[in-house]
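User: I would like to learn how to read an interface and a helix packing. Please take me through one example.

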Amino acid sequence: MKKYSVAIIDYQMSNLFSISNALNALDINSVITSDPKVILQSDGAILPGVGSYPQAVNSLHDLDLFETIRNFINSGKPFMGICLGLQLLFNNSEEFKLTEGLGVIEGATKKFIDKPSVKTVPHVGWNKIEIIESDHNIQNYPFRDITSDDFFYFVHSLYVEPTNLDYVKSYTNHEGFNFCSSIMHENIFASQFHPEKSGKRGLQMLQNFFN
Amino acid sequence: MNSSLLEEVANNVSIPVVGHGGVGSKEDVLDLARSKFLSGIAIASLFHYDFIHSNRSLEGYEAEGNTEFLKSYKKLSNIKAIGVNELKKFLSEEAIELRKAV
């Protein structure tokens, strides 16, 4: 019987090994790959991301991964987006220039610097997440055993604004501005923070989602 | 730690500023944490001198450079050393929000 395996989507700009190490620590098999066949055959997938939106979109197009990602999501298998991976799911981002993303989740990606109360960009460091109570009974509920007192690691200059607020699963405050720090919709869970860089709680979240 | 210099820098840039160099006590850390203009505080000596003082065994550190210094369990008189978890507890009790000791 084939072992449970998570595909870590490699589009040439990510902290792939941090994620792979995190999954190794949890004894979850994973493979770093840009091969559509391997991705689609996997039991779960992670779209990571460190870097700029326009470059990421170009990279995804060059590697022909737009359709593969959409197809994987349509398969219903667990799909996790991290940081830029969250933002790429949306319609677009205003980073550097307005760029279209995957459009799997309705909404936009906006800049912190345009918010009046925000003085410091990027938002870097440990911060809390205010978890919106939701369906704990789903099998792979990411926030099981995680509370609003737990800290997660953030490093980003833009935030997402989902059109459908029901998708928002946590809010986080940066210098007086509350932004969406994670979303969930059907088989998709995506966070602005990095679970693979968030210590024990982050590992807990990965374990909850890919069980 | 020159906090007025740090404040001047933080007020003049829009990027995160981490204060590094010179905290001599947990009270120094508390003052900086309360000030809110820093995004982070980097601490070295405060933790290092606590570590060498509370770790009596040099097992595993034989290859470290200055083992004579490590064996001396010296303290610097102007530094009130403290461990990471103890510092977190102290700051937490003073209502500074931070990640719990792991």
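**The interface and a helix pair**

Analyst: Together, chain A and chain B bury about 780 Å², with 58% of it on carbon and sulfur atoms. Buried area is the accessible area (1.4 Å probe) that two parts lose on being put together, summed over both. On the chain A side, A:T120, A:W126 and A:F151 lose the most area to chain B, together 43% of what that side buries. This is a predicted model, where local features need pLDDT of at least 70, side-chain atom pairs need 80 or more, and totals for chains, interfaces and linings use all residues. Residues are numbered from 1 along each chain as written, chains are lettered from A in the order written, and side-chain values use heavy atoms, without hydrogens and water.

User: How many residues of chain A are in contact with chain B?

Analyst: Contact means heavy atoms within 4.5 Å. Here 10 residues of chain A touch eight residues of chain B.

User: Which residues form a salt bridge?

Analyst: A salt bridge puts a side-chain nitrogen of Lys or Arg within 4 Å of a carboxyl oxygen of Asp or Glu. The count between chain A and chain B is one. A:K128 pairs with B:E97, the closest N and O atoms being 2.8 Å apart.

User: At what angle do helices α3 and α4 of chain A pack?

Analyst: Helices are DSSP runs (H or I, at least four residues), numbered from the N terminus. Axes are lines fitted to C-alpha atoms over the stretch in contact, and angles run from 0 to 180 degrees between N-to-C directions. Helix α3 (residues 53–62) and helix α4 (residues 65–74) of chain A pack at about 90 degrees, axes 6 Å apart. Therefore α3(A) is roughly perpendicular to α4(A) (65 to 115 degrees). A:V57, A:L60 and A:H61 of α3(A) meet A:L65, A:F66 and A:I69 of α4(A).

How values were computed. Helix = DSSP H or I, 4+ residues; strand = E, 2+ residues; numbered from the N terminus. Parallel < 35°, antiparallel > 145°, perpendicular 65-115°, else oblique.
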